[in-house]
Amino acid sequence: MQSPRIEMITQKYIIGNWKSNKSILEVENWFKTISQLFTTVDLQNSNIEIVICPPFVFLPLASELIQKNKLPIKLGAQNVSPYANGAFTGEISAHILSEWVKYALIGHSERRKNFCEDDIVLTEKIKRVNEEKITPILCIPDEFTLIPLGLDIVAYEPIWAIGSGKTDSPENADKVAKKIKENKNITKVIYGGSVTPENVTQFLEKDNIDGVLPGGASLDPVKFWEIIINASRK
Ligand code: PGA
């Protein structure tokens, strides 16, 4: 049986942030399930950029499973070192990451809060990933947060909406995204904070929202798949 074809015009980003979760077996099972789901619908012309950001140690396994199953999924890093290669024990440099990822999240609110990352360190991180041709995605909690130069994509994620089950209203998220684009010369703004298969289309139908950044919902391959499918119908 031929799978239905889904067409889309503008590119949307669906970026799954796994945070500090999963085991080897859970990663294998996630890919097993999503690979089966990908055989049910042809998303080739859907113009959605699908990205997952696993913990660093799972990047090789995720990369292998993406290739093996020919999945249209790109990899992103959840974080990056502000330093280049060298004597920085425990750090993962942008140069190391450049063999694995296309994108890097920078300044997620959990990093700003729990690891005291400030604008100086985040500006350094953006510089490092740009040097390695990795696309930085700066996460900001509101439109007043500093946006350094050298960025195209910003994720607007109100702190209170992260992991809380409460989202910003799509109308307000659209307004904030518009301001960021107008005032900060940013071309793409994505929304994050309790995104689910049920609410994703309300955000994507807004003019200024170019994608979503689900955390919790991306851990479940079925939910992540439903987000992709609902986005592709937008
Ligand atoms: P959440 O996380 O979807 O679980 O709210 C989003 C994020 O932290 O990027």
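Start with the surface: the protein exposes about 11500 Å², and carbon and sulfur atoms supply 52% of it. Keep in mind that this is a predicted model.

Switch to a cartoon view. Eight helices and eight strands make up the secondary structure. The radius of gyration is 17 Å, close to the 17 Å that the globule rule gives for 234 residues, so the protein is as compact as a globular protein of that length. Along the principal axes, the C-alpha atoms fill a box of roughly 55 × 40 × 30 Å. Of the 234 residues, 52% count as buried.

Now colour by charge. There are 27 positive and 29 negative side chains. The centres of the two sets lie 2 Å apart. Side chains of opposite charge can pair when their charged atoms come close. Here the count comes to 13 salt bridges.

Select aspartate 210 and lysine 181. A salt bridge joins their side chains, 2.7 Å from N to O. Aspartate 210 sits in the loop between α7 (200-204) and β8 (211-212), and lysine 181 in helix α6 (residues 170-184), 29 residues apart. Aspartate 210 is buried at 10% relative accessibility. Lysine 181 is buried too, at 19%.

Next, select helix α5 (residues 119-131). Lysine 127 and glutamate 124 are three residues apart in this helix, so about one helical turn separates them. Their side chains form a salt bridge at 3.2 Å, N to O. Lysine 127 is partly exposed, at 45% relative accessible area.

Finish at aspartate 119 and arginine 112, whose salt bridge spans 3.9 Å, N to O. Aspartate 119 is partly exposed at 34%, whereas arginine 112 is buried at 18%.

Definitions and conventions
Residues numbered from 1 in each chain as written. Predicted model: local features only at pLDDT ≥ 70, side-chain atom pairs only at ≥ 80, totals over all residues. Heavy atoms only, no water. Helix = DSSP H or I, 4+ residues; strand = E, 2+ residues; numbered from the N terminus. Rg over C-alpha atoms; globule rule 2.2 N^0.38 Å. Buried < 20%, exposed > 50% of the residue type's maximum accessible area, 1.4 Å probe, protein only. Areas by Shrake-Rupley, 256 points an atom, 1.4 Å probe, with all protein chains shown as cover. Lys, Arg positive; Asp, Glu negative; His and termini not counted. Charge placed at Lys NZ, Arg CZ, Asp CG, Glu CD. Salt bridge = Lys/Arg side-chain N within 4 Å of Asp/Glu carboxyl O.
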